[in-house]
Amino acid sequence: MATKQPVHRQQGAATRTKLLQAGKQVLAERGYHAARVDDVVSVAQVSHGSFYLYFPNKEALVLELARECARELGAMTEALGEISADASGREALRAWLTEFLALYRSYGVVVRAWVENQFNNAELTQLGLDSFASIAEALMERMSRSHPEDGPLRVVALVSMMERFTSLIVNQDLGPDDLVLDTAATVIHRGFFAGVPS
């Protein structure tokens, strides 16, 4: 039988989670540079003292969000199945794009800051580089089967397109998610994985 955590540990974990969730919201609304600790504690409805109990500054909060994002991206990348040239490959790609969109909805501000190199922090920057390198490597492995001659260029194009496309989905009304994801999966599958047109 599992032992219960002491109440103060449970409350501490809940407060920390509230701060991280509030941090995501504030960063999404104000951007990395404009976000302030005052904004985070206001959204989380906790005191400044509570914030500083868990994070010494805004950068530490963002670093923890980036670590979470990197972990989730890593797990997604490891779970990426084979993307064959047939319909099953398109479905595998659509499922993965669905997860990527969900992750972007949670951590879009972190991903954008990585892409735009907004962080003046070596660890934050390296987390982004490593995360996107692992995605690129996984996609390259799958893409090289159908496009061995220009796989690296296709991967750069695809990763850039995915980031921009998901940003537009999150920030503009492009229609129902199912329609948007079906279209994206079809376009990406045909253009990047389905072999050279005859």
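Reply: D39 is in contact with V26, R30 and A34, leaving aside its neighbours within four places in sequence. D39 itself belongs to helix α2, which covers residues 37–44. The model is a predicted one. The side chain of D39 also makes a polar contact, at 2.9 Å, with the side chain of R36. D39 has a relative accessible area of 13%, so it counts as buried, because the cut-off for buried is under 20%.

The helix to follow at length is α7. Helix α7 runs from residue 151 to residue 171 and has 21 residues. From its first C-alpha to its last it reaches 30 Å, close to the 30 Å expected at 1.5 Å a residue. Its buried residues are G151, R154, V155, L158, V159, M162, E163, T166, S167 and I169. The cover over these buried residues includes α5 (87–115), α6 (122–143) and α8 (177–193).

The side chain of T166 reaches the backbone oxygen of M162 at 2.6 Å. Not counting residues up to four places away in sequence, T166 touches F100, L101 and Y104.

The largest nonpolar core has 58 residues, and among them W114, L139 and F193 touch the most other members. At least two residues of this core come from each of α1 (7–30), α2, α4 (58–79), α5, α6, α7 and α8. Helix α5 gives the most, with 13 residues.

Aromatic rings are a further point to look at. The structure holds three aromatic pairs. In one of them, the ring centres of F51 and Y52 are 5.2 Å apart and the planes stand at 80°, so this pair is edge-to-face. F51 is buried, at 0% relative accessibility, whereas Y52 is partly exposed, at 44%. F51 also pairs with F55: their ring centres are 5.8 Å apart and their planes at 50°, so that pair is tilted. F55 is buried, at 2% relative accessibility. Together F51, Y52 and F55 form one aromatic cluster.

Two lysines are placed over rings as well. K24 lies over the face of Y107, at 4.2 Å from the ring centre. K58 lies over the face of Y32, at 4.7 Å from the ring centre.

Key: Residues are numbered from 1 along each chain as its sequence is written. This is a predicted model: local features need pLDDT of at least 70, side-chain atom pairs count only at pLDDT 80 or more; totals for chains, interfaces and linings use all residues. Side-chain values use heavy atoms; hydrogens and water are left out. Helices (H or I, at least four residues) and strands (E, at least two) are DSSP runs, numbered from the N terminus. The expected span of a helix is 1.5 Å times one less than its number of residues. Buried means under 20% relative accessible area, exposed over 50%, partly exposed in between (1.4 Å probe, protein chains only). Contact means heavy atoms within 4.5 Å. A polar contact is a pair of N or O atoms within 3.5 Å; within protein, one must be able to donate a hydrogen and the other to accept it, and residues adjacent in sequence count only if both atoms are side-chain atoms. A nonpolar core is a set of buried Ala, Val, Leu, Ile, Met, Phe, Trp, Tyr and Cys residues joined through side-chain atoms within 4.5 Å. Rings of Phe, Tyr and Trp (its six-membered ring) pair if their centres lie within 6.5 Å; planes under 30 degrees apart count as stacked, over 60 as edge-to-face and the rest as tilted. A charge sits over a ring if NZ of Lys or CZ of Arg is within 6 Å of the ring centre and within 35 degrees of the ring normal.
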